[in-house]
Amino acid sequence: MSTLAPTSRPLAPEDGDQQPTPLVSVVIPCLNEAQNIETCVRAARDAIVRMGVEGEVIVADNDSDDDSAHLAERAGARVVVERRRGYGSAYLAGFAASRGSYIVMADADLTYDFKEIPRFVQALEDGAEMVIGDRMDNIQPGAMPWHHRYIGNPMLTGLLNLFFRTGISDAHCGMRALRRDVLPRLDLRTTGMEFASEMVIRAAKEKLRIAEFPIEYHPRGGESKLSSLRDGWRHLRFLLVHSPNHLFIAPGAVLAGVGAVIVIVDEAGVSFFGRAWGLHTLIGGTLLMIVGTQVLALGLCAHAYGTYFMGERDPWFDRMRARFRLEHGLLLGGAFALVGLVIGGIIIGTWISNGCGSLADERLAVIAASLIIVGIQIFFSSFLLSILGLRRRR
């Protein structure tokens with residue numbers, strides 16, 4: 001639960017009983033930053049004063065155990081106490097309490113220079129809807145561990161750009177700014193460190209105008225709260241979960257395609273590396289085909305859920321949805337199952353005609369069973385997609 005603490009000193013004089021609406025809100029998340037928070041608040045206030053605009057500094061205290069909240073208030077910030085721990089939780093509480101048309105975000109650990117605030121605001125004034133700093137070419141000695149600088153951040157930023165085509169150089173920079181009026185479109189929800197990725201992903205999906213420029217990154221004051229493995233995994237997990245094409249569709253298509261090729265080539269009797277592959281190769285191919293089909297079906301269902309219930313938009317999925325109906329899936333699934341049943345019928349007929357002796361058509365039996373399984377998967381996945389679409393947003 002979030003609570004508000006009163007502002008000890010406003011940035012601008014009050015007009016009667018009404019405090020002026022600020023142009024800029026600087027939001028600073030804080031968890032046990034007693035060593036740094038006063039310096040950060042004063043630097044943010046000084047930057048706003050130098051700009052000559054109305055502004056406020058919001059400190060989102062994340063249930064600190066030290067005196068951070070009191071020190072922030074004494075330095076002139078308005079304090080929001082967010083009891084639920086988490087980087088995203090703190091920012092969501094700070095956003096809700098802020099009143100400015102422009103929101104500037106920065107950490108409370110002295111890694112970012114608050115003198116950069118005017119540049120961020122100017123970029124918003126020039127038409128950007130979100131502005132992100134780029135630290136990677138201006139990292140001061142000792143400011144970032146080597147594995148974050150050369151492995152973690154480049155890998156996660158690269159994946160984010162690959163999946164969502166953002167073109168951002170430093171997707172996890174903690175100093176950024178955005179217009180207040182884009183917050184409803186972003187619909188931010190995550191509570192942990194993956195909040196930084198969520199902002200960029202949602203901005204890309206909403207096609208916001210994103211600006212980026214280089215800033216310096218300084219050594220941290222005090223103890224870091226970042227856990228490289230845990231927080232890195234949370235970012236990676238978030239990227240995968242929000243990209244069904246890369247998590248489901250592409251791997252599923254590859255598995256099903258490779259499996260189908262193996263089955264066809266094996267049945268054609270083509271030899272590889274000087275030998276013909278037998279029953280075990282056929283079993284491997286059909287296994288890939290079945291698993292790939294299931295993964296593809298899961299990806300389509302994930303797409304449907306994101307589209308119908310989370311407001312996601314994907315041109316490819318929208319085209320497929322407009323072109324294909326439930327009946328198409330039922331016919332396709334039924335066709336696969338029917339072919340499998342016909343092959344099974346042939347096997348049984350041959351067995352009966354041979355006096356009901358031993359069954360020796362293992363290869364045909366494997367293919368028949370696989371086709372029936374694939375057909376059933378397609379058939380019932382089509383129904384599931386249709387069920388998800390019953391409550392779709394039009």
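**Notes on the predicted model**

1. The protein chain has an accessible surface of about 19,900 Å², and carbon and sulfur atoms account for 61% of that surface; areas are from the Shrake-Rupley method with a 1.4 Å probe, and for residues only the protein chains shown count as cover. This is a predicted model, in which local features need pLDDT of at least 70 and side-chain atom pairs count only at pLDDT 80 or more, whereas totals for chains, interfaces and linings use all residues. Residues are numbered from 1 along each chain as its sequence is written, and side-chain values use heavy atoms, with hydrogens and water left out.

2. Mean pLDDT (the predictor's confidence in each residue, from 0 to 100) is 86 for the protein chain, with 90% of residues at 70 or more. Over residues 5-17 the pLDDT is below 50, although this stretch has 27 contacts (heavy atoms within 4.5 Å) beyond near neighbours in sequence in the model. Where pLDDT is low, the predicted coordinates should not be read in detail.

3. Of the 394 residues in the protein chain, 45% count as buried, that is, under 20% relative accessible area, while exposed means over 50% and partly exposed lies in between (1.4 Å probe, protein chains only).

4. Glu 82 is buried, at a relative accessible area of 1%, and a polar atom of the Glu 82 side chain lies 2.9 Å from the backbone nitrogen of Arg 84.

5. Trp 146, by contrast, counts as exposed because its relative accessibility is 58%.

Technical notes:
Polar contact = N/O pair within 3.5 Å; in protein donor to acceptor, adjacent residues only side chain to side chain.
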